[in-house]
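Take a look at the model below.

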Amino acid sequence: MTGSYPNTRLRRTRAAGWSRKLHRENTLAPADLIWPLFVTEGEGVEQPIDTLPGVSRWSVDGIVSKAEEAIALGIPVVALFPNTQADRRSDDGAEAHNPDNLMCRAIRAIKDECGDAIGVLTDVALDPYTSHGQDGLLNDDGYVVNDDTIAVLVDQAINQAEAGADIIAPSDMMDGRIHAIRMALEMGGHHNVQIMSYAAKYASAFYGPFRDAVGSGGLLKGDKKSYQMDPGNGEEALREVALDISEGADSVMVKPGLAYLDIVRRVKDRFEIPVFAYQVSGEYAMIEAAAAAGAGDRNALVLETLLAFKRAGCSGILTYHAPLAARLLKEGSDD
Ligand code: PBG
């Protein structure tokens, strides 16, 4: 009965590529991407990460090259994570506020070389620096304590800002840290340093490869369920976001990504603030495993999943696939 339903033929606009492009509601661009990078000691060092095939830790010189690559690809921000040497980790994570730690050296090197051509986002949490792999300080019962941890996080954030960080991203999930960090930044004269809060961060099974990458996985006993959110909760994410906004966050993040796009949409609908999401290490590994097994086309999987974040309401996405996606977008492979 071809032609019987002229007003309901939704497929009409899908028939040609030019028309699909014209009618596309959401698009993906290199400027939507934030590229997480792992830093390690040494010079000329590249250490591939087994559980993150295609991702390596780089020494500071290599990190600068990656930042230059990001600029060439149109990626506006890199996110840095240090693999701190074992002998620099301690119960109190004091290396986090050492002005000459690996993180600060990497920030300074990028800023010296690239200036404002790229933004540097830095993670605030103690897990890369603690001997126990938790994001905060422990009491005698092994419970991660809130307020004492915040005092160290503030020192860590100021240390990063002084090294030149552009966006401070607290991923620790303590309560009240956004206010404390914002106040300290203001008092330190860092008025234009932004805070992107990991506001709704879930206690997820998708972080495994990341913990290998920063070297905290083997150290971690137990889990992070006493401070990261329960995957069963949605409403609570809105309360977390509301608090972080009231405390001074410039933007908020939902993490992990794909399994939590409903949260992204709810946050976007409720609050007028830029929302970001982190397509985390386990998600990257899943796509790579699917591609390696011949279960899907890597490039297509990457672009489709990243576009889904935009559709859900994200302003941008942290993803280890950032350079691949940016390259594909530049080549126009998203048709
Ligand atoms: C640390 C932190 C984690 C990630 C980002 N910051 C891991 C964790 O909370 O254990 C995960 C990122 C990823 O899996 O790619 N606070």
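The paragraphs below go through the ligand site and then the cysteines.

This is a predicted model, in which local features need pLDDT of at least 70, side-chain atom pairs count only at pLDDT 80 or more, and totals for chains, interfaces and linings use all residues. Residues are numbered from 1 along each chain as its sequence is written, and side-chain values use heavy atoms, with hydrogens and water left out.

Start at the ligand. There are 17 residues around the ligand, and K201, K224, K255, S281 and Y320 come nearest. A residue counts as near if one of its heavy atoms lies within 4 Å of the molecule. This shell holds seven nonpolar, three polar and seven charged residues. In that sorting, Asp, Glu, Lys and Arg are charged; Ala, Val, Leu, Ile, Met, Phe, Trp, Tyr, Cys and Pro are nonpolar; the others, Gly among them, are polar.

Now look at single atoms. Y320 has a polar side-chain atom 2.5 Å from an oxygen atom of the ligand. For Q228, a polar side-chain atom lies 2.9 Å from a ligand oxygen atom. S171 brings an N or O atom of its side chain to 2.8 Å from a nitrogen atom of the ligand. The protein covers 100% of the 410 Å² of accessible area that the ligand has on its own (Shrake-Rupley method, 1.4 Å probe).

For C104, the nearest cysteine sulfur is that of C114, 17 Å away.

Methods
Polar contact = N/O pair within 3.5 Å; in protein donor to acceptor, adjacent residues only side chain to side chain. Disulfide = S-S within 2.5 Å.
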